[in-house]
Amino acid sequence: MAQRLGAPVPLTELDDPRVRENLAALTEQGITTARVSEEDTVALAAAVTPADLDLDAIVVCTDTVEAPTPTEWLLAYRARTGRHGTRTLFAGGSACANLAAGWDLASALVRARAAKAVLVVTADRVPSGTRVPALSTTVLSDGAASCLVTAEPSGPAFVLLGTATRSWQAGAEAGGMAHARAILTTTRSVVAELIRPGGTTHLLTPNFGSATRNLLAMAASFPVRRLDPGVAGEVGHCFAADALLNLDHLARRPDLADGDTVLALMSSDTTMSAALLGYRA
């Protein structure tokens, strides 16, 4: 896995009226820093695309297409990375839950023997406007992350055991409690599709404030006391990269053991996805 994050900026130093309005709540829930980058998403994505990997395909997950069309974005990305001959695809439509779609697409290419090695890349940023999302206690951060999907890992790896996704229609009244109910209901639904008897060893949530993380843990029937906040406090919500950033954080923990299972939750305003992974040392 690779990552490229914007510079860390304490929330107290952000020139963002909405952050100032919500500073007490953000701080209370453990969100202290945003990552801010002047690089566009093409540059961020290129920074997490290793030059020395033999790749058959690349799957890009982004909701920040800073080009007139997705095709022009991909052409700029290929030019920046020098990978003009590598098949490159977009996976989108689910905002901060795009990574699950990216993993599904990459895994399907490998299973179909259309590719042996697929790089999944996420890259997003806030080019303008507030960094406070409408329906979550967190701040949006700029950054990119990537991982290699292959049937033949060369060392310790997380094995994708399955994914599940549910979407819903956001109505005009979809704020507050209505949104919370949709998130909790769909969380229970996607988790029920994946979790085996005995539960899971680790739970990764999006980089939200502690109250939302705890609610997601309860909806997933995971003990709140065992919930690791991951990099939420020092990174903020880095769109679809959250799960990869927190997997990398988990991989560095001394208590991660061979055979552990990991449930990663990914959500947007209208989509909840979950991925079940197994760790192989």
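# Fold and selected residues of a predicted chain

At 12% relative accessibility, Phe239 counts as buried, where buried denotes a relative accessible area under 20%, exposed one over 50%, and partly exposed the range in between (1.4 Å probe, protein chains only). The structure is a predicted model, in which local features need pLDDT of at least 70 and side-chain atom pairs count only at pLDDT 80 or more, while totals for chains, interfaces and linings use all residues. Residues are numbered from 1 along each chain as its sequence is written, and side-chain values use heavy atoms, with hydrogens and water left out.

**The chain as a whole**

Along the principal axes, the C-alpha atoms fill a box of roughly 50 × 45 × 40 Å.

Buried residues account for 51% of the 281 residues. Of the contacts (heavy atoms within 4.5 Å) between residues at least 6 apart in sequence, 75% join residues at least 24 apart. The accessible surface amounts to about 12,700 Å², and carbon and sulfur atoms contribute 51% of that area; areas were computed by the Shrake-Rupley method with a 1.4 Å probe, and for residues only the protein chains shown count as cover. The chain carries 23 positive and 28 negative side chains, the centres of the two sets lying 6 Å apart. In this count Lys and Arg are positive and Asp and Glu negative, with His and the chain ends not counted; each charge is placed at NZ of Lys, CZ of Arg, CG of Asp or CD of Glu.

**Two residues with positive phi**

Most residues other than glycine have a negative phi. Phe239, although not a glycine, has a positive phi near 55°. Phe239 is located in the loop between helix H8 (232-235) and helix H9 (242-251). Arg113 likewise is not a glycine and has a positive phi of about 60°. The loop that holds Arg113 runs between helix H5 (98-111) and strand E6 (117-124), and Arg113 is exposed, with a relative accessible area of 79%.

| Residue | Element | Relative accessible area |
|---|---|---|
| Thr186 | helix H6 (residues 176-194) | 10% |
| His179 | helix H6 | 10% |
| Met266 | strand E10 (residues 261-267) | 3% |

The side chain of Thr186 reaches the backbone oxygen of Ile183 at 3.2 Å. This is a polar contact, that is, a pair of N or O atoms within 3.5 Å in which, within protein, one atom must be able to donate a hydrogen and the other to accept it; residues adjacent in sequence count only if both atoms are side-chain atoms. Leaving aside residues up to four places away in sequence, Thr186 touches Arg166, Trp168 and Met272.

With the same exclusion of residues up to four places away, the residues that Met266 touches include Met272, Cys96, Trp103, Pro206 and Ala243. The C-alpha atoms of Met266 and Leu247 are separated by 13 Å, the two residues being 19 apart along the chain. For His179 and Ser136, which are 43 residues apart along the chain, the C-alpha separation is 9.9 Å.

Definitions and conventions:
Helix = DSSP H or I, 4+ residues; strand = E, 2+ residues; numbered from the N terminus.
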